[in-house]
Amino acid sequence: MSERALSSRPVYSARPTVRIDGRASDKVTQLLGTMRITESEGGMSSLELGLDNTARTDDGRTDLAFEDESLLRFGTAISIHAGDENAPQEIFRGLVTGLEAGFEGAAGPELLLLAEDALQRARLARRTQVHVDTSLATLARELAARIGMRAVVDGLDAPLGLQVQLNESDLAFLRRLLASRDGDLQVVGEELHVSARKGVRRGTQELTLYSQLRRARVVVDLAHQATEVTVTGWNALTGGKVSGSGAGTNLGPGTGRKGADVLRSALGARSEHLGDLSAMTDAEARALAEAAFDQRARRFVCVEGTAEGNPALRVGTHVSLRGLGRRYDNTYYVVRAHHRYDLTRGYETDFEAECAFLGGP
């Protein structure tokens with residue numbers, strides 16, 4: 001695979017398109033000054049849209065552009081399409097949840113529009129509920145139905161036993177359980193995608209340094225690596241101790257030396273016991289230990305970079321980085337993406353990605 005051109009034209013024109021209630025809004029697009037979209041693991045994307053809030057009336061006077069709320073108001077459905085202007089891709093869909101007005105002297109009035117994706121409805125209220133022998137798949141489908149979305153669930157149908165949602169929002173509760181089983185959720189259009197982390201691959205990209213990859217910083221750190229993670233607990237029904245361990249089952253994309261092997265060679269073996277987690281069966285203890293080990297292992301090599309604005313760089317994308325040297329050229333998993341646009345620098349994408357492997361010297 002090689003770096004793919006972002007446009008078929010010689011000049012990459014990537015001014016975002018704004019759609020209000022499903023229709024392209026020329027007024028909003030023309031007055032657009034800045035755009036910031038942030039998405040991360042666990043779902044819940046947010047949007048900040050900076051607009052020039054001045055417009056000329058038919059009689060030649062200047063007035064505030066969006067004060068009558070005929071176009072932008074709380075609860076308005078908004079979507080952002082970015083990339084090549086000839087074939088823009090949707091990178092955000094949500095509802096307006098905040099407005100911020102700025103009056104900074106000669107700069108003229110500005111309107112900052114704040115929006116969140118559909119998961120905002122899952123974080124607004126807390127509840128206390130006991131879930132008896134449920135599964136992540138069942139909880140995901142219930143959440144999707146509650147917020148008016150369609151669930152797309154891959155696996156995760158193993159029973160979890162008794163789970164207590166104590167004064168937690170539905171989003172926080174599902175996130176907590178997904179993290180304990182190394183799962184992920186994201187909003188994709190009208191769908192809520194929930195799956196084990198090992199099954200997530202939202203496209204592949206290749207970026208080359210000083211081409212589409214404008215800058216990068218790589219950190220390789222043994223501080224949180226371990227050669228084994230253990231979890232113990234107590235089964236009150238049988239009156240016996242339970243235990244489980246993890247040493248790597250889902251390390252994600254990439255090739256090379258694993259953090260645990262480098263740690264063992266450089267500093268010696270290190271077993272990490274998680275005393276803050278409780279388990280009632282050996283299977284639960286093992287699942288918790290494996291998820292914790294894998295999450296640590298995948299953060300062995302972390303990169304944060306800036307690329308030419310690319311709507312395909314999303315959380316879950318497998319991105320191959322080239323031009324960083326043999327130790328760091330590898331395939332990484334994107335865990336955070338920040339799409340931004342302004343009138344000075346144009347469209348750029350900041351991203352954070354991780355890899356469990358370090359290349360050869």
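A residue counts as buried under 20% relative accessible area, as exposed over 50% and as partly exposed in between (1.4 Å probe, protein chains only). The model is predicted, so local features need pLDDT of at least 70 and side-chain atom pairs count only at pLDDT 80 or more, while totals for chains, interfaces and linings use all residues. Residues are numbered from 1 along each chain as its sequence is written, and side-chain values use heavy atoms, with hydrogens and water left out.

**Exercise 1.** Determine whether Tyr-210 is buried or exposed, and state where it is found.

*Solution.* Tyr-210 is found in the loop between strand S15 (204-208) and strand S16 (213-220), where strands (E, at least two residues) and helices (H or I, at least four) are DSSP runs numbered from the N terminus. Its phi is near 65°, a positive value in a residue other than glycine. Because its relative accessible area is 71%, Tyr-210 is exposed.

**Exercise 2.** Carry out the assignment for Leu-156.

*Solution.* Leu-156 is found in the loop between strand S11 (150-154) and strand S12 (163-169), and its phi, near 60°, is positive although the residue is not glycine. Its relative accessibility is 17%, so Leu-156 counts as buried.

**Exercise 3.** Describe how the axes of helix H2 and helix H3 are arranged.

*Solution.* The axes of H2 (residues 136-146) and H3 (residues 170-180), lines fitted to C-alpha atoms over the stretch in contact, come within 11 Å and cross at roughly 155°, on a scale from 0 to 180 degrees between N-to-C directions. H2 is therefore roughly antiparallel to H3, a label for angles over 145 degrees.

Definitions and conventions: Angles under 35 degrees count as roughly parallel, over 145 as roughly antiparallel, 65 to 115 as roughly perpendicular and the rest as oblique.
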